[in-house]
Amino acid sequence: MAVYSTRYRYIFFANPQAASKAIAKTLEESLEGQPMPAREIRVNGELVVKKHHATWQQLQDFDLMTRAQLDALFKFTSVRNPYDLLVSRYFKRKGRFVDAPDKYRWAQDNPRIKASMQAAQELPFPEWLAGQLQRHREKDKTVKGPLEYLDHADYVIRFEALQAGFDEVLKRLGIAEAIPIVSENVTVERAQGSAKRHYTEFYDDASRALVSRVYAPIIERFGYSFG
């Protein structure tokens with residue numbers, strides 16, 4: 001879904017694994033946020049619009065909102081350093097998606113994610129990552145998915161400065177009240193004792209080079225680096 005408000009005239013596009021669930025929950029609890037769509041959309045049994053991750057284009061393609069309606073709203077999303085994001089993806093598919101199958105039934109029912117989960121049980125991060133990005137590597141392609149959220153945003157919150165970015169959104173919406181972002185969907189699997197392991201610990205030279213190529217549009221656009 002996206003989250004929108006007619007009163008505050010905003011729409012938030014939930015870019016996966018960039019604190020999108022925490023932001024969405026905060027909007028719903030504090031700023032009259034409504035889900036769009038309210039449930040996933042299937043056509044002939046095929047999932048065509050995800051409940052949590054609807055894009056700017058999908059809302060129009062499936063007659064959920066018009067271009068004019070979208071243009072009238074303040075559009076924002078979030079972004080995360082790809083090097084960091086991919087480590088969290090690995091640990092979620094290695095841990096919670098497997099340990100709590102009923103809670104993450106959507107992951108169990110997705111053949112591609114299910115295969116990724118199985119691979120994460122067997123492989124260290126660099127080898128798992130090479131398999132996940134094999135198609136991009138072989139065809140020398142870069143990722144397109146995150147751009148579906150980023151390309152149509154008036155403002156992008158950085159995961160690395162989450163509250164500061166959300167504060168800027170509030171400012172642009174004319175909201176003076178301080179609203180803290182709720183804690184939601186944190187990747188606890190990366191913890192070692194009481195400390196969270198830094199993503200750089202999981203990479204070797206080959207996996208680092210692979211991400212730098214495949215995620216180049218996002219890394220370059222937002223000035224991300226490794227370290």
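This is a predicted model: local features need pLDDT of at least 70, side-chain atom pairs count only at pLDDT 80 or more; totals for chains, interfaces and linings use all residues.

Q: Which residues of H8 are buried?
A: Phe125, Pro126, Trp128 and Leu129 are buried in H8, which runs over residues 125-132. They cover an arc of only 160° around the axis, which puts them on the same side of H8.

Q: And H7, how many residues does it have?
A: H7 has 12 residues, 111-122. From first C-alpha to last, H7 reaches 17 Å, close to the 16 Å expected at 1.5 Å a residue.

Q: Which of them are buried in H7?
A: Ile113, Ser116, Met117, Ala119 and Ala120. Looking down the axis of H7, the buried residues fall within an arc of 165°, so they line one face of the helix.

Q: Why would residues a few places apart point the same way?
A: An α-helix has 3.6 residues a turn, so residues three or four places apart point the same way.

Q: What is exposed on the other side of H7?
A: Pro111 and Glu122 are exposed there.

Q: Switching to rings. How many aromatic pairs are there?
A: The count comes to 15 aromatic pairs. Ring pairs link Tyr83, Tyr90, Phe91, Phe125, Trp128, Tyr199, Phe202, Tyr203 and Phe226 into a cluster. Phe125 and Trp128 are also among the buried residues of H8.

Q: What about arginines over rings?
A: The charged end of arginine 80 sits over the ring of phenylalanine 159, 3.9 Å from its centre. Arginine 158 lies over the face of tyrosine 224, at 5.4 Å from the ring centre.

Methods
Residues are numbered from 1 along each chain as its sequence is written. Side-chain values use heavy atoms; hydrogens and water are left out. Helices (H or I, at least four residues) and strands (E, at least two) are DSSP runs, numbered from the N terminus. The expected span of a helix is 1.5 Å times one less than its number of residues. Buried means under 20% relative accessible area, exposed over 50%, partly exposed in between (1.4 Å probe, protein chains only). The arc is that of the directions from the helix axis to the C-beta atoms. Rings of Phe, Tyr and Trp (its six-membered ring) pair if their centres lie within 6.5 Å; planes under 30 degrees apart count as stacked, over 60 as edge-to-face and the rest as tilted. A charge sits over a ring if NZ of Lys or CZ of Arg is within 6 Å of the ring centre and within 35 degrees of the ring normal.
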